[in-house]
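Trainee: May we go through this structure together? I would like to begin with the metal site.

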Amino acid sequence: MMKPHPERLESFFESLIPQPERHARWLNTVSMLEATGARKIWKSQGKDGLNEQILRHAVEESRHALFFKRAAQRVQPGSCEGYDDHELLEGRAARHYFQSLDYGIYERLLDAMPESKAKPLAYLYVTLAIEVRAQTLYPIYNKVLRRHRIPVTLRGIIEEEDQHLAEMIEGIDALDPDAAARRVEFEAFEMDLFEDFFIQLNAQAEAA
Ligand SMILES: [Fe+2]
Ligand SMILES: [Fe+2]
């Protein structure tokens with residue numbers, strides 16, 4: 001398994017950021033992923049499950065989606081109206097990454113437990129895997145943005161993602177006696193899926 005090492009991520013951003021048209025599409029792709037996350041949070045809970053933490057999390061992911069959408073339009077004015085494929089950077093691979101993660105984790109949990117337990121845990125584990133990804137990706141991205149003096153700062157978002165991560169770990173530890181083993185399994189699963197996405201992004205960059 002090849003891991004997207006920090007240096008590979010950094011050099012990806014180094015080549016992306018000086019190209020405003022592609023950079024805007026990347027920002028819009030991140031916006032789309034944040035919006036997908038928000039929608040999945042709303043849908044993951046039964047009508048009685050929307051407590052303060054879930055509502056706040058859904059609102060924050062929605063706000064992240066808006067933040068990245070506005071950033072995309074600042075980097076390339078007049079672009080990235082919606083989430084059409086031509087407005088995204090490897091949009092299909094990005095959607096595939098998220099759907100496969102969501103579906104794969106739920107299926108694996110269903111093999112081990114009834115639906116009533118798998119559903120809430122799937123929300124927690126999918127979110128956990130994404131927050132772990134955000135924790136590597138966003139700080140590196142933010143560093144390269146600073147270096148290029150792009151007026152987009154991810155500091156506030158990084159703080160909120162860190163908070164989400166802590167909450168997911170707490171929820172998982174409370175609900176799943178096999179939390180330690182499953183975290184390792186699902187984080188490795190996410191790593192493979194992200195690597196597939198990242199390979200597409202790099203192939204795209206080389207072709208551009
Ligand atoms: Fe987010
Ligand atoms: Fe989050």
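Predicted model: local features only at pLDDT ≥ 70, side-chain atom pairs only at ≥ 80, totals over all residues.

Trainee: Which residues coordinate the iron ion (ligand 2)?

Mentor: E61 (OE), E131 (OE), E161 (OE) and H164 (ND1) coordinate this ion, at 1.9 to 2.2 Å. The site is tetrahedral, with angles of 95 to 124° among the four donor atoms.

Trainee: What does E61 bridge?

Mentor: E61 bridges the iron ion (ligand 2) and the iron ion (ligand 1), and these two ions lie 3.8 Å apart.

Trainee: Is E61 buried or exposed? And E131, buried or exposed?

Mentor: E61 has a relative accessible area of 6%, so it counts as buried, the cut-off being under 20%. E131 is buried as well, at 3% relative accessibility.

Trainee: Changing topic, which residues touch the most other members of the largest nonpolar core?

Mentor: That core has 61 residues, and those touching the most other members are F13, W26, L109, Y125, Y138, Y141 and F197.

Trainee: Which helix supplies the largest share of this core?

Mentor: Helix 5 does, with 16 residues. Among the other helices that each supply at least two residues are helix 1 (6-16), helix 2 (20-44) and helix 7 (179-207).

Trainee: And what is Y125 in contact with?

Mentor: Leaving aside neighbours within four places in sequence, Y125 contacts I105, L109, I172, D176, D178, A179, R182, R183 and F186.

Terms used: Residues numbered from 1 in each chain as written. Chains lettered and ligands numbered in written order. Heavy atoms only, no water. Donors = N, O, S within 2.8 Å, 3.2 Å for Na, K, Ca; no water. Tetrahedral: all angles 85-135°; square planar, octahedral: opposite > 155°, others 65-115°. Buried < 20%, exposed > 50% of the residue type's maximum accessible area, 1.4 Å probe, protein only. Core = buried A, V, L, I, M, F, W, Y, C linked by side-chain atoms within 4.5 Å. Helix = DSSP H or I, 4+ residues; strand = E, 2+ residues; numbered from the N terminus. Contact = heavy atoms within 4.5 Å.
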